[in-house]
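Trainee: Before I use this model, I would like to go through the labels attached to it and hear what each one rests on. Could we take them one at a time?

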Amino acid sequence: MQPQNGIPIDYYIWLAAALFTIGVLGVLYRRNAIIIFMCIELMLNAVNVLLVAFSTYLNDAAGQVFVFFIMAVAAAEVAVGLAILIMMYRNTKTTDINILNRLKW
Amino acid sequence: MTLNLFYFLSFLAVLSALMVVFSKNPVYSVLYLIITFFTIAGHYILLDAQFLAVVHVIVYAGAIMVLFLYVIMLLNLNRESEPHKSNILKFAAVICAGLLLVVLVGSLKGTEAIVQQSGKAGIGYVKTLGEVMFKEFLLPFEITSILLLAAMVGAVMLGKSEKTNDTI
């Protein structure tokens, strides 16, 4: 289980789990919609790290191609999400997500 | 040597990710997120995925983070007084995230048994990745282009102001 760079894959699993958890923590902890978007990016990157680690350790290039697709989806998501955020700011003059509670219940 | 580098990059990544969540000013959050992305690019280089590291720096630190910073400057959010949740909600968020970490580590434990190293190296090069992408994943590649087109049209439609009183 020792790859060419000498790091066990467990370490990458722990790193990715920690980064993903920090992303979830940010989504639950903050109320600013822009910070929540950034934490979603953090979660996507944790998954990317895990995909690249398994792709290298299993010698399968498909995982790295998937990371490309995840990056494209993340770029599209950020573009549309920030456009929605600007619309929301234009109407309510704030980025607090507690203002947007009309879809609740 | 590489293990020390891994420890350094991981520590920096986790620390700056925590600072993204806990810093008061949104501009500082964006800057810490850029540090996180650079350390993740360093991890890609450690994992022999050089081309992916370059693309990661270009796409994330070059495009997405500039977009974030631009929107924050546009919305004038660089003041310290922004809304915060109550303390009990913050405590509940920390507890939930800690439980999720325990679940993730527990469920992914023992993965090293299925990973078997075979000697071939160099799958992170442009040649290998291009062959895989344009032979096995040609249809998802084309669908991704349609997705990007749809996102571009959607962003323009959403960002377009109504004809009457537009302030921004």
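Mentor: Let us start with domains, whose bounds come from an automatic or database domain assignment. On that basis chain B is divided into domain 1 (2-124) and domain 2 (125-162). Keep in mind throughout that this is a predicted model.

Trainee: What makes up chain B in terms of helices and strands?

Mentor: Chain B has 6 helices and 0 strands, and its pattern, read along the sequence, is α-α-α-α-α-α. Of its 168 residues, 34% count as buried, and among contacts in chain B between residues at least 6 apart in sequence, 57% join residues at least 24 apart.

Trainee: How many residues of domain 1 of chain B are in contact with domain 2 of chain B?

Mentor: There are 5 residues of domain 1 in contact with 4 residues of domain 2, where contact means heavy atoms within 4.5 Å. The two domains of chain B bury about 450 Å² between them, with 68% of it on carbon and sulfur atoms. The count between domain 1 and domain 2 of chain B is 0 salt bridges, and it is also 0 for residue pairs in polar contact, taking both at pLDDT 80 or more. On the side of domain 1 of chain B that touches domain 2, the residues divide into 2 nonpolar, 3 polar and no charged.

Trainee: What is the area buried between chain B and chain A?

Mentor: The size of an interface is often given as the accessible area lost when the parts come together. Between chain B and chain A that area is about 7600 Å², and carbon and sulfur atoms give 76% of it. Val21(B), Leu47(B) and Phe68(B) supply 9% of the area that chain B buries against chain A, more than any other three residues. The contact takes 83 residues from chain B and 75 residues from chain A.

Trainee: Which salt bridges and polar contacts does the rule find across the interface of chain B and chain A?

Mentor: Across that interface the rule finds 0 salt bridges, while 5 residue pairs are in polar contact, both at pLDDT 80 or more. The elements that give two or more residues to the side of chain B that touches chain A are helices H1 (2-22), H2 (26-46), H3 (50-75), H4 (87-108), H5 (126-135) and H6 (138-159) of chain B. The residues on that side divide into 56 nonpolar, 18 polar and 9 charged.

Trainee: How do you know that the side chain of Arg30(A) reaches the backbone oxygen of Val21(B)?

Mentor: The distance is 2.6 Å, and a polar contact needs a pair of N or O atoms within 3.5 Å, so the pair meets the distance cut-off. The side chain of Arg30(A) also reaches the backbone oxygen of Ser23(B), at 3.0 Å. Arg30(A) is found in the loop between H1 and H2 of chain A, and because its relative accessibility is 2%, Arg30(A) counts as buried.

Trainee: Why is the pair of Asp96(A) and Arg31(A) called a salt bridge?

Mentor: Side chains of opposite charge can pair when their charged atoms come close. The cut-off is 4 Å, and the closest N and O atoms of Asp96(A) and Arg31(A) are 2.5 Å apart, so the label applies. Asp96(A) lies in the segment after helix H3 (62-92) of chain A and Arg31(A) in the loop between helix H1 (9-29) and helix H2 (33-58), so the pair ties together parts that are 65 residues apart in sequence. Both residues are buried, and a search of the whole structure finds 1 salt bridge over all chains.

Trainee: Why does Thr39(B) count as buried?

Mentor: Buried means under 20% relative accessible area, and Thr39(B) is at 4% relative accessibility, so the label holds. Thr39(B) has its place in helix H2 of chain B and touches Leu9(B), Leu12(B) and Ala13(B), not counting residues up to four places away in sequence.

Trainee: What makes Ala62(A) buried?

Mentor: Its relative accessible area is 16%, which is under the cut-off of 20%, so Ala62(A) qualifies. Ala62(A) is found in helix H3 of chain A and, leaving aside its neighbours within four places in sequence, is in contact with Val132(B) and Phe137(B).

Methods: Residues are numbered from 1 along each chain as its sequence is written. Chains are lettered from A and ligands numbered from 1 in the order in which they are written. This is a predicted model: local features need pLDDT of at least 70, side-chain atom pairs count only at pLDDT 80 or more; totals for chains, interfaces and linings use all residues. Side-chain values use heavy atoms; hydrogens and water are left out. Buried area is the accessible area (1.4 Å probe) that two parts lose on being put together, summed over both. A salt bridge is a side-chain nitrogen of Lys or Arg within 4 Å of a carboxyl oxygen of Asp or Glu. A polar contact is a pair of N or O atoms within 3.5 Å; within protein, one must be able to donate a hydrogen and the other to accept it, and residues adjacent in sequence count only if both atoms are side-chain atoms. Helices (H or I, at least four residues) and strands (E, at least two) are DSSP runs, numbered from the N terminus. Ala, Val, Leu, Ile, Met, Phe, Trp, Tyr, Cys and Pro count as nonpolar, Asp, Glu, Lys and Arg as charged, and the others, Gly among them, as polar. Buried means under 20% relative accessible area, exposed over 50%, partly exposed in between (1.4 Å probe, protein chains only).
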